[in-house]
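Please take a moment with the sequence and the model below before reading on.

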Amino acid sequence: MKRILSHQSAACFARFAKASAVFGLLVALFAGSALEAASPDLQNTTPRGAQRGVETRVTFFGNRLEDAEEIIFHYPGITAKDLQVIDSRKVEATLVIAPDCRLGEHHVRVRCKSGMSYARNFWVSQFPNVDEVEPNDDFDAPQRIDLNVTIEAEAKPEETDYYLVSMKKGQRLSVEVEGLRINNIVNNIAIDPFVSILNKNRFEIASADGSALLKQESVLSVLIPEDGDYIVEVRDSAYQGRGRYRAHIGTFPRPAAIYPAGGKPGEEVEFTLIGDVTGEYKTKAKLPLTTEEGTFGVLGQHEGLYPPSPNLVRVSDYDNVLESGENDDMRSPDLASVGVLPLAFNGILEKEGDIDYFKFTGKRGQNYRFRVYASAIGSPVDPVLNLYDSQFKSLGGSDDANGTKDSQVDFKPTEDGDYFVRVTDMLKRGGTDFVYRIESEAFTPAIEVTMPEMLRRNLQYRKQFDIPRGGYYSMVVNTTRRNMSGDLVFDLPSLPPGVTWESGTIPRTVSQFPILLKAAPDAPIGGGMYTLKVKNTDEKSPVEGTFTQALDLVRGPQNGVEYYTRYHDKLPVSVVEEIPYSITIDQPKSPLVRDGTKKLKIRAHRKDGYDKKITVRLLWKPPGITSPSTMTFGEKDTELEYELNANASAEINTWNINVVAESDAGKGVMMTASPFVELSVEEPFVGMKLSMATAKQGEAIDMLAEVENLREFEGQADVQLFAVPAHATVPVVKIDKSTSDLKLPIQTTDKTPVGQHKNLFCTVTLMHNGEPVVHRVGMGGVFRVDPKPKEPVAAKPVAEEKKVVAKNEPAEKPLSRLEQLRLEAQKEAAAQ
């Protein structure tokens with residue numbers, strides 16, 4: 001789920017041109033051993049951003065950074081020089097930001113000899129940075145600043161920061177804060193910004209706590225009523241701030257919306273920027289040919305300045321339809337059809353209670369998904385979407401969809417003709433910035449390429465592919481086929497020097513598949529961001545998908561919910577120093593059969609006496625195969641067996657499998673992978689059906705079995721009956737390829753539990769190419785144990801009677817307890 005700044009909102013920040021470049025400075029550092037560091041961790045930077053067109057010294061904070069070599073940015077426009085490692089937690093570098101570097105958010109990583117860090121964000125402004133000067137928490141003693149600056153400051157609990165600016169009547173004063181988005185505090189929000197503009201008499205001119213455009217971040221823009229000094233107040237909305245913020249303060253434009261809300265790839269579109277306090281203005285922008293999330297950020301210049309962050313528009317292959325005339329009644333004869341699908345309907349809910357209708361032509365048999373883009377592009381509209389036929393009969397409706405406020409409805413017309421789409425705000429709100437876009441998306445073939453979440457609530461975990469020199473790294477890729485089927489293949493057009501890859505064809509029945517990267521022993525240490533593609537194998541109807549990685553940059557309460565997530569279409573790959581161990585799997589010589597088991601021999605090759613624990617896991621398993629989640633080599637161990645289990649429907653094929661390994665020598669986790677080995681999954685050699693057997697406790701009986709020889713095998717096989725009750729024993733029985741009937745002896749004892757014992761089964765172990773092939777057969781056998789027969793009870797000898805009872809004389813009746821008590825009472829009375 002895509003989230004940005006709130007639990008319900010979808011990721012909606014700007015996506016720019018897809019072309020991604022990596023810029024960095026390789027700095028020669030001292031040579032270090034393989035144990036010096038691993039899994040480098042970048043937390044944040046100071047400052048959090050800088051002005052474009054200038055050089056800025058930046059400190060990178062984190063852990064295990066002592067072997068840092070390069071600063072890598074995801075997008076062009078920023079390079080680094082003069083990198084200096086201060087210690088394991090701090091690295092400094094000078095960032096050179098090009099004059100034409102795009103404004104707004106960038107993503108940065110630190111590449112070390114031991115690996116690549118997570119991505120964090122860095123912000124580029126048109127204004128110079130100005131540091132907060134403490135104390136500035138007294139309204140009567142604010143920090144005086146020039147206009148058009150970016151304040152780098154810290155929010156503290158129960159503290160308010162005040163900034164003083166001098167303004168002229170009619171001037172525009174705008175404030176935009178980057179707070180929540182620029183801090184990385186585990187499961188917490190550093191600052192939820194609140195801003196206000198006040199005059200010297202403490203009269204509040206305007207305030208903002210969040211915005212539709214930037215969700216929990218605040219934007220504010222006013223026209224100054226008279227000459228004088230004004231105070232900009234910045235604080236956490238709940239007075240609980242504990243992180244950095246950047247406040248842009250100046251006379252820049254701050255449009256709230258943009259119209260139309262999209263266009264075609266490669267097209268130059270004239271947009272109207274709406275909601276600025278000085279009025280609407282227009283700008284032209286050429287839309288990119290490709291995007292990462294289907295959106296592009298438009299920065300509309302006005303009077304020589306830009307807004308600090310862009311307005312988002314959709315980029316899609318649909319003709320734009322703009323609302324016109326009176327379109328609030330679908331029964332109106334003036335509502336003309338706008339054409340045949342697919343189309344993109346653009347409009348504004350300009351007043352309270354506004355309802356917009358569009359009339360279009362539908363063709364029988366066509367499938368479309370109508371999707372509203374409003375919240376996702378920073379609009380305040382909470383849309384409700386409805387579809388109607390030509391008789392005004394409802395064909396479906398939607399409020400929220402896919403965990404977002406935006407709506408979607410699937411549409412499949414049953415006949416050619418006119419249809420209507422209707423949109424309104426859930427709460428009947430409206431305004432000049434209530435922009436929306438409805439796209440009628442055809443169900444066209446597509447491939448989505450992602451990677452599974454390896455650690456809960458951490459989308460970047462193990463998404464940095466650090467390959468040891470002379471070693472391997474493996475990854476599992478998710479492939480989702482949309483409106484298509486068929487086999488798929490990977491394509492990595494380029495990789496770091498000395499790195500190669502291997503995989504195989506992804507069968508049509510499989511959605512997850514492994515890929516293996518290998519670094520040559522002499523591969524240069526280095527890396528960057530690379531493209532991973534997945535293609536179908538049908539040359540007549542080619543379809544291609546590109547890997548997209550989620551960057552969960554901010555997670556907050558409760559329990560690490562995504563608050564701010566961005567996406568990037570490149571894969572971080574680097575060659576790292578050789579590590580002190582490697583892992584291999586012995587190539588299996590025999591198959592794993594359906595309903596069978598197989599033990600893989602895993603070997604740890606330790607170098608220079610390396611004696612730490614090594615944990616291995618089968619990162620990917622063929623369909624129908626299960627295994628332990630992990631297994632661990634002890635400090636001195638060099639071998640272990642990793643058991644695989646195949647169910648009855650395991651897919652028949654020869655699969656590439658491997659394990660990934662991790663070990664911590666005290667300075668972070670070092671990871672590698674084994675080379676692929678081939679695992680053949682095959683049909684079983686033998687089948688078996690068990691007949692029900694019954695025995696009494698202590699008896700020995702034979703359970704009968706029908707043996708089915710499905711495939712020829714050489715020699716004899718061992719048959720062992722399992723799941724028999726306690727205190728029952730069974731021997732191993734031999735069969736060969738000619739066996740059709742089998743007796744399985746069961747010896748019970750007096751202690752064998754009585755009752756019906758279910759789910760008995762046999763293992764059949766035969767040898768193939770010198771290795772065992774283990775089957776599980778005869779599943780569901782039943783063995784009933786009856787009680788041991790009781791022995792006859794011997795007659796007890798009759799004792800001599802002291803009193804001879806005459807014939808026909810009745811036997812003396814014993815006294816009841818009450819009679820005994822009465823008799824005792826009579827005796828006591830007589831004695832007195």
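Which strand gives the largest share of the lining of the largest cavity? In this predicted model, that share comes from strand S38, residues 472-482, which contributes four residues to the lining. The structure holds five cavities of 30 Å³ or more, and the largest of them has a volume of about 100 Å³. Its lining is made of 13 residues, of which Met454, Arg462, Ser474, Met475 and Leu619 are the closest to the centre. Sorted by class, the lining of the largest cavity has ten nonpolar residues, one polar residue and two charged residues.

Four strands, in the order S53-S51-S56-S57, form an open sheet in which the pairing is antiparallel. Its edge strands are S53 (631-633) and S57 (669-673), each of which pairs on one side only, and from one strand to the next the twist averages 25°. Strands of a sheet pair through backbone hydrogen bonds, in either a parallel or an antiparallel manner. Within this sheet, S57 is joined to strand S56 (residues 659-664) by five bridges, the two strands running antiparallel, and Ser663 stands opposite Met670 in S57.

Why can strand S30 (residues 368-373) be described as largely enclosed by the rest of the structure? The description holds because five of the six residues of S30 are buried, that is, they have under 20% relative accessible area. As for its partners, S30 pairs with strand S35 (residues 435-442) in the antiparallel sense over six bridges, and in this pairing Phe370 has Ser440 of S35 as its bridge partner. S30 also pairs with strand S33 (residues 408-411), again in the antiparallel sense, over four bridges, where the bridge partner of Arg371 is Gln408 in S33.

Terms used. Residues are numbered from 1 along each chain as its sequence is written. This is a predicted model: local features need pLDDT of at least 70, side-chain atom pairs count only at pLDDT 80 or more; totals for chains, interfaces and linings use all residues. Side-chain values use heavy atoms; hydrogens and water are left out. Two strands pair if DSSP finds at least two bridges between them. Axes are lines fitted to C-alpha atoms, for helices over the stretch in contact, and angles run from 0 to 180 degrees between N-to-C directions. On a 1 Å grid over the protein atoms alone, a cavity is a set of points where a 1.4 Å probe fits but cannot get out, and a pocket is an open set with protein on both sides within 12 Å along at least five of seven lines; lining residues have an atom within 4 Å of a point. Grid points are joined across faces, edges and corners, and a volume is the space filled by probe spheres set on the points. Ala, Val, Leu, Ile, Met, Phe, Trp, Tyr, Cys and Pro count as nonpolar, Asp, Glu, Lys and Arg as charged, and the others, Gly among them, as polar. Buried means under 20% relative accessible area, exposed over 50%, partly exposed in between (1.4 Å probe, protein chains only).
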